[in-house]
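Please walk through this model with its sequence and coordinates open side by side.

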Amino acid sequence: MVNSLARRDRRSEVMDQPGLDERLHHQALEGLRRGNVVSNTARVLWQGLESAGVFTPSTSSRPVRVLDLACGGGDVLLGLAHFARRRGIPFDAHGCDLNSLAESHAQAAAERAGIAAANFFQLNALEDPLPTDYDVIYCTLFLHHLAEADGIKLLQRMAAAARRVVLVDDLVRSRLGFALVWAGCQLLTRSSVVHTDGPLSVRAALSLDEARELAERAGLHGATIRRHWPERFLLSWRKA
């Protein structure tokens, strides 16, 4: 396993395949939601927003607008919306995904949670024009799906479109990360899709040095990257 993790090894994941059975897709999205809960992903993103100075005195007069790219089941965005609601911060939460099933799954979850401010729509993050009216644009567990050139392209597009802050949260490629993801996938869900894709995702993930280099090559100079539980990293970049 050491040798197999020395370099990125991107292979096609089951969830990326067209025609995936809807029941299996919904089950996989639920499995990923549980993984994000255990990983405290929404809290990590919220802390990233606070550290980037997104919440200022002017926040009380204008909602903070946030866009989650490749949002999947939307659970991270809904977690952020919960934090904002508990703190009384006006918050416009939007998410987009290439897959129409993920979009509908996320919208249904928002309705069940009673979060009227959360809206989801279809968008290809690499090809469609990105909206330019969001204070923050972020993505989670998306960067590792992309080849190097597309990863740079994604970061450049996010930086150009975001008014203030870009955040990227993803897996760290490491032996510990592989072990944690394998065990977590087995314990948290019965989804065969997640059982297959989880370890593949770690093999395709970046090391911290690779993530820093990618950010520099994309022009996100001054971006900070910090490691967090469980073997993930948060990349944060503020617009000058």
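**Cysteines, rings, a pocket and the backbone**

The structure holds zero disulfides, a disulfide being a pair of cysteine sulfur atoms within 2.5 Å. This is a predicted model, in which local features need pLDDT of at least 70 and side-chain atom pairs count only at pLDDT 80 or more, while totals for chains, interfaces and linings use all residues. Residues are numbered from 1 along each chain as its sequence is written, and side-chain values use heavy atoms, with hydrogens and water left out.

For Cys96, the closest cysteine sulfur is that of Cys71, and at 6.2 Å it is too far for a bond. Cys185 is in no disulfide either, since the nearest cysteine sulfur, in Cys139, is 19 Å away. Cys96 counts as buried, with 1% relative accessibility, and Cys185 counts as buried at 10%. Here buried means under 20% relative accessible area, exposed means over 50%, and partly exposed is in between (1.4 Å probe, protein chains only).

Turning to the aromatic side chains, the structure holds three aromatic pairs. Rings of Phe, Tyr and Trp (its six-membered ring) pair if their centres lie within 6.5 Å; planes under 30 degrees apart count as stacked, over 60 as edge-to-face and the rest as tilted. The ring centres of Trp46 and Phe91 are 6.1 Å apart and the planes are at 45°, so this pair is tilted. Because Trp46 belongs to helix 2 and Phe91 to strand 2 (residues 91-97), the pair ties together parts that are 45 residues apart in sequence. Helices (H or I, at least four residues) and strands (E, at least two) are DSSP runs, numbered from the N terminus. Both Trp46 and Phe91 are buried. Ring pairs join Trp46, Phe55, Phe83 and Phe91 into a cluster.

A charge also meets a ring: Arg65 lies over the face of Tyr134, 4.5 Å from the ring centre. The criterion is that NZ of Lys or CZ of Arg is within 6 Å of the ring centre and within 35 degrees of the ring normal.

Next comes the second largest pocket, with a volume of about 430 Å³. Its lining has 21 residues, and Arg33, Val37, Asp75, Leu78 and Gly79 lie nearest the centre. Helix 1, helix 2, helix 3 (75-87) and helix 4 (100-113) each give two or more residues to this lining, and helix 3 gives the largest share, seven residues. By type, the lining residues of this pocket divide into eight nonpolar, seven polar and six charged. Ala, Val, Leu, Ile, Met, Phe, Trp, Tyr, Cys and Pro count as nonpolar, Asp, Glu, Lys and Arg as charged, and the others, Gly among them, as polar. A pocket is an open set of points on a 1 Å grid over the protein atoms alone, where a 1.4 Å probe fits, with protein on both sides within 12 Å along at least five of seven lines; lining residues have an atom within 4 Å of a point. Points are joined across faces, edges and corners, and the volume is the space filled by probe spheres set on them.

The backbone remains. Most residues other than glycine have a negative phi, and most peptide bonds are trans. Asn40 has a positive phi, near 55°, and sits in the loop between helix 1 (22-38) and helix 2 (41-51). At 41% relative accessibility, Asn40 counts as partly exposed. Leu141 also has a positive phi, about 50°, in the loop between strand 4 (136-140) and helix 5 (148-161). The peptide bond from Trp229 to Pro230 is cis, with omega near -10°.
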